[in-house]
Amino acid sequence: MTGLLAIGLLFAASMAIGVHGVRATRLTTPDFLVASRRVTPGLNAMAIAGEYVSAASVLGLAGLMLKNGIGSLWYAVGFTAGYVAVAALVAGPMRRSGAYTVPDFADYRLGSEAIRKLCAVIVLVIMWLYLVPQFKGAGMVLHLVSGTPYWVGVVLAGAVVSVSIAAGGMRSATYVQGFHYVVKLLFIAVPAIFLVVHAGADARAEALRMDVSEWSRPLLDLEGSGQPLLATWSVLLATTLGAVGLPHVIMRFHTSATARAARRVAVGVIVLLGVFYLFPAVYGLLGRVFTPGLVRGGDTDTVTVVLPGEIVPGGWGAVLTAIVAAGAFAAFLSTSSGLLMALAGGLSHDLSRASVPRLRLAVAAGALVAVLLSLPARSVDINVAVGWAFAVAASTFCPLLVLGIWWRGLTTAGAAAGLAAGVCAATGAALASVLTDPGPGWLVVLLAQPAAWTVPLAFAVMIVVSLLGRPPEWAERAVLRLHAPGPAEAEGGP
């Protein structure tokens with residue numbers, strides 16, 4: 001009951017902050033999608049960190065550590081390192097492009113409506129892959145703290161997020177996500193510190209002893225493949241380069257006033273993520289001592305919520321569980337908000353250049369599809385599903401953005417061929433990993449985490465096909481604009 005009350009209070013606070021965003025919203029497409037590019041760097045960094053710290057971070061990372069050991073921390077390394085790549089390669093130039101979305105950028109750079117629509121379809125694939133584990137986590141946590149059926153949490157999360165975003169657009173999302181980052185950090189960090197102290201020195205030593213051999217070779221043995229180096233390398237490629245190509249992340253940088261502000265935002269996000277990722281590891285390590293039965297039951301994603309009650313029985317344990325559950329729900333809601341914004345852009349703005357009313361309808365339609373996909377996905381590990389989304393982003397939009405920004409030789413045919421190769425290879429591998437049982441070995445890694453081969457494939461196809469043709473005549477001017485400072489930057493403005 002305590003957990004349900006905490007989640008209810010979080011819902012109420014989120015809706016109240018969202019209403020504040022609605023009052024400030026203007027009924028224009030630029031305001032709905034990018035808040036008229038007037039979000040300050042500090043608030044923007046908190047909002048991005050809020051939407052980026054998802055169910056994979058709050059629940060999935062600890063669950064994978066419980067299941068696979070200390071090597072799972074490479075997910076956290078990749079999630080954070082991705083913003084180093086974003087700051088270095090795409091944040092500033094993307095803001096200078098004047099685009100609202102990745103398909104907008106593709107249209108600006110290549111002048112092709114067909115490429116724009118292909119990018120919009122890929123946005124839908126990535127966003128739905130990413131939304132499913134968020135709604136799955138909501139259903140799972142609500143079931144743990146209140147006993148309600150799994151589907152109730154899924155439907156409730158979809159309804160709350162879609163109503164908030166449809167009403168207030170990017171402004172509501174920004175305020176709510178900034179608030180949620182603070183909630184997540186406090187509601188995960190404070191119980192973690194309390195549990196470490198309460199567990200005692202013997203339990204802490206036991207957790208470290210269980211992992212002592214893994215500390216000397218901290219690699220990720222994915223699905224018992226026996227190929228830890230390949231698995232670790234593929235996960236790092238997916239999480240690092242995937243961040244460069246995530247549509248909802250890229251969309252966020254267009255809310256900054258200038259390219260310099262966009263880079264400052266990216267640096268701020270690195271700091272905020274570095275602080276947060278100190279704490280999921282605590283739940284994973286302590287879980288290996290206190291909740292090993294979750295591995296046998298296949299419920300490792302629940303360790304963050306279950307652990308407080310195991311270490312601190314009674315009233316205080318219930319309070320800690322409620323706090324962690326509310327923090328987890330904040331993760332689902334804030335990440336889902338950003339994903340639905342990008343999804344609405346793909347469904348409406350990028351496919352039909354629609355008005356604000358149609359954008360709002362697209363939010364509702366996108367949420368409905370995500371809910372329907374989430375209902376049968378209860379048995380899928382959260383980090384596995386998120387990993388697929390990152391792999392698709394790394395294999396499609398990362399090559400498009402990096403080559404489109406830094407190489408004037410990219411052609412429409414090259415971009416189309418690379419995007420098609422990347423999305424087909426990454427999604428095909430993910431489906432094959434679900435529908436087949438390749439057994440231990442290198443093949444299971446290449447299917448479950450395909451970035452090690454799909455990312456080089458997409459880059460190679462884009463480059464080779466582009467070399468066979470000629471870039472648009474305006475390509476050099478377009479690339480120059482991406483790297484030339486605007487008036488505010490030239491004058492030393494923010």
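1. Let's start with Asp107 and Arg116: both are buried, buried being under 20% relative accessible area, exposed over 50% and partly exposed in between (1.4 Å probe, protein chains only). Their side chains meet in a salt bridge at 3.4 Å, N to O. For a salt bridge, a side-chain nitrogen of Lys or Arg must be within 4 Å of a carboxyl oxygen of Asp or Glu.

2. A word on what you're looking at: this is a predicted model, where local features need pLDDT of at least 70 and side-chain atom pairs count only at pLDDT 80 or more, while totals for chains, interfaces and linings use all residues. Residues are numbered from 1 along each chain as its sequence is written, and side-chain values use heavy atoms, with hydrogens and water left out.

3. Arg116 also pairs with Asp104, at 2.8 Å, N to O. Helices here are DSSP runs (H or I, at least four residues), numbered from the N terminus.

4. Asp301 sits in the loop between helix H14 (293-297) and helix H15 (303-311), 165 residues apart from Lys136. Both partners are buried. Shared partners join Asp104, Asp107 and Arg116 into one network, and the salt bridge count comes to 4.

5. Helix H6 (residues 102-110) is mostly covered, with 8 of its 9 residues buried. Among them are Val102, Phe105 and Leu110. Just after H6, Gly111 takes a positive phi of about 65°.

6. Over on the surface, Trp151, Val155, Leu368, Leu372 and Leu375 make a nonpolar patch with about 480 Å² of accessible area together. Helices H8 (150-210) and H17 (356-374) each give two or more residues to the patch. Leu375 lies in the loop between H17 and helix H18 (382-395); Leu375 is partly exposed, because its relative accessible area is 35%.

7. How far to trust it? The chain averages a pLDDT of 83, and 90% of the residues score at least 70; pLDDT is the predictor's confidence in each residue, from 0 to 100. Helix H22 (residues 451-467) has the highest confidence, at 96, and helix H24 (residues 487-490) the lowest, at a mean of 49.

Conventions. Patch = residues over 30% accessible without salt bridge, like charges linked within 9 Å, V, L, I, M, F, W, Y side chains within 5 Å. Areas by Shrake-Rupley, 256 points an atom, 1.4 Å probe, with all protein chains shown as cover.
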